[in-house]
Amino acid sequence: MQTISFPGETPGQLLAAMRAQNPLVQNITNFVAMNIAANVMLAAGASPAMVHTQEEAGEFARIASALTVNIGTLSPDFLMGMKEAAKAAGETGKPWILDPVAHFATGYRRAATAELMELKPAIIRGNASEIIALAGSRSSGHGVDSGDPTEAAEGSATALARQSSAVVAVTGEVDFVTDGHRSARIMGGSDLMPRVTALGCSLTCLVGAFAATRPEKPFEATVAALAMFAVAGGQAAAEASGPGSFSPVFLDRLAALSPEALDAEARITGA
Ligand SMILES: Nc1ncnc2c1ncn2[C@@H]1O[C@H](COP(=O)(O)OP(=O)(O)OP(=O)(O)O)[C@@H](O)[C@H]1O
Ligand SMILES: Cc1ncsc1CCO
Ligand SMILES: [Mg+2]
């Protein structure tokens with residue numbers, strides 16, 4: 001494995017740029033994630049707005065700098081809002097990010113995900129089971145939790161990235177990011193993270209914040225967001241005594257993480 005080089009900007013430099021911009025990010029996420037995802041974004045340095053109903057989602061997407069869409073607690077009204085917002089993001093050249101939560105579990109979710117994929121997300125972030133199934137293979141997912149290791153999803157992620165032209169991020173014990181040609185692995189985080197609900201959903205929102213800052217560099221933006229979670233998550237786990245105490249310490253570590261510490265502690269390799 002070679003150490004990945006960032007000829008342009010390092011993750012720390014992208015973090016500094018994101019905080020300087022304090023980007024307004026529209027998140028159409030699920031009821032479970034709304035509160036923690038907004039707190040994660042505020043702690044990291046972005047400006048979240050949870051705006052989902054069809055009457056205003058498209059209009060709002062025109063003023064936001066990026067959009068994230070998460071199908072965790074899908075309903076017909078949410079889906080209409082998602083489609084309006086994704087269309088508006090496409091028309092105004094803003095990146096939008098898809099989190100296909102448990103898309104394989106029901107016919108309704110499968111159909112909704114197919115409709116959303118047609119609107120061309122710039123980035124897709126999911127756990128290993130979600131990415132394997134989205135690429136058309138058989139996964140071992142059980143509901144919203146992954147039943148597969150990241151390693152098993154790397155081929156699917158690369159195929160999905162090539163076929164959709166999106167950057168694809170698989171998260172788990174190790175994270176994997178690919179644009180179909182370049183790939184990176186990010187190590188770190190903690191095994192407490194999958195025991196706190198909606199941290200993956202919150203990460204998708206944070207990917208939106210970095211993509212808002214560098215819409216022309218979705219691969220680098222995604223790697224930076226995942227690296228921030230990995231470093232802050234590892235730091236928080238060292239202080240926490242379980243999933244309950246992990247959550248507040250994680251917010252504190254996200255807020256306190258300096259660009260220099262991110263670059264010093266991130267463990268990113270080319271894959
Ligand atoms: N075993 C682990 N060790 C270290 N970090 C982990 C582990 N499992 C998950 N993570 C980290 O937790 C974060 C959330 O990823 P995860 O894969 O759990 O998302 P998810 O399954 O979509 O979560 P959710 O659906 O609950 O939002 C990522 O930053 C990931 O790197
Ligand atoms: C627990 C749960 N159920 C639907 S969405 C969600 C949050 C984690 O994906
Ligand atoms: Mg998820």
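A residue counts as buried when its relative accessible area is under 20%. Ser 202, at 0% relative accessibility, is therefore buried. The structure described here is a predicted model. The largest pocket holds about 1100 Å³ of space, and helices H1 and H9 cross at roughly 90°.

**Largest pocket**

- Rolling a probe the size of a water molecule over the atoms shows where empty space is left.
- The space in the largest pocket amounts to about 1100 Å³. Its lining comprises 42 residues, of which Asn 127, Thr 171, Gly 172, Met 193 and Pro 194 are the closest to the centre.
- At least two lining residues come from each of strand E6 (123-127), helix H6 (128-134), strand E9 (183-187), helix H8 (199-213) and helix H9 (218-239).
- Helix H8 provides the largest share of the lining, with four residues.
- By class, the lining consists of 18 nonpolar, 13 polar and 11 charged residues.

**Helix H8 and Ser 202**

- Ser 202 is located in helix H8, the element with the largest share of the pocket lining.
- Beyond residues up to four places away in sequence, Ser 202 touches Ile 36, Ala 37, Val 40 and Phe 229.
- A separation of 22 Å lies between the C-alpha atoms of Ser 202 and Asp 77, which are 125 residues apart along the chain.

**Helix H1 and its crossing with H9**

- Two packed helices are described by the angle between their axes and the distance between the axes.
- The axis of helix H1 (residues 11-21) comes within 9 Å of the axis of H9, and the two cross at roughly 90°. Angles of 65 to 115 degrees count as roughly perpendicular, and H1 and H9 are therefore roughly perpendicular to each other.
- The buried residues in H1 are Pro 11, Gly 12, Leu 14, Leu 15, Ala 17 and Met 18. Their cover includes helix H2 (34-44), H8, H9, helix H11 (259-265) and strand E10 (267-270).
- An α-helix has 3.6 residues a turn, so residues three or four places apart point the same way.
- Asn 22, with a positive phi near 45°, follows H1.

**Loop between H8 and H9**

- Arg 214 lies in the loop that joins H8 to H9. Its relative accessibility is 19%, so Arg 214 counts as buried under the 20% limit.
- Excluding residues up to four places away in sequence, Arg 214 touches Glu 9, Leu 14, Ala 17 and Ala 221.
- With a relative accessibility of 23%, Lys 217 counts as partly exposed.
- Apart from neighbours within four places in sequence, Lys 217 is in contact with Gly 8 and Glu 9. Glu 9 is also touched by Arg 214.
- The C-alpha atoms of Lys 217 and Met 187 are separated by 21 Å and are 30 residues apart along the chain.

**Helix H7**

- Helix H7 (residues 154-164) contains the buried residues Glu 154, Ser 156, Ala 157, Thr 158, Leu 160, Ala 161 and Ser 164. These pack against helix H5 (107-118), E6, H6, strand E7 (167-171), strand E8 (175-178) and E9.
- Ala 159 belongs to helix H7 and is partly exposed, with a relative accessible area of 39%.
- Ala 159 and Asn 127 are 32 residues apart along the chain, and their C-alpha atoms are separated by 16 Å. Asn 127 is one of the residues closest to the centre of the largest pocket.

- Ser 165 follows H7 and is found in the loop between H7 and E7. Its phi is near 60°, a positive value in a residue other than glycine. At 63% relative accessibility, Ser 165 is exposed.
- Lys 120, in the loop between H5 and E6, has a positive phi of about 60° although it is not a glycine. Its relative accessible area is 52%, so Lys 120 counts as exposed.

Definitions and conventions
Residues numbered from 1 in each chain as written. Chains lettered and ligands numbered in written order. Predicted model: local features only at pLDDT ≥ 70, side-chain atom pairs only at ≥ 80, totals over all residues. Heavy atoms only, no water. 1 Å grid on protein atoms, 1.4 Å probe; cavity = no way out; pocket = protein on both sides within 12 Å on 5 of 7 lines; lining within 4 Å. Points joined across faces, edges and corners; volume = space filled by probe spheres on them. Nonpolar A, V, L, I, M, F, W, Y, C, P; charged D, E, K, R; others polar. Buried < 20%, exposed > 50% of the residue type's maximum accessible area, 1.4 Å probe, protein only. Contact = heavy atoms within 4.5 Å. Axes fitted to C-alpha atoms, helices over the stretch in contact; angles between N-to-C directions. Parallel < 35°, antiparallel > 145°, perpendicular 65-115°, else oblique.
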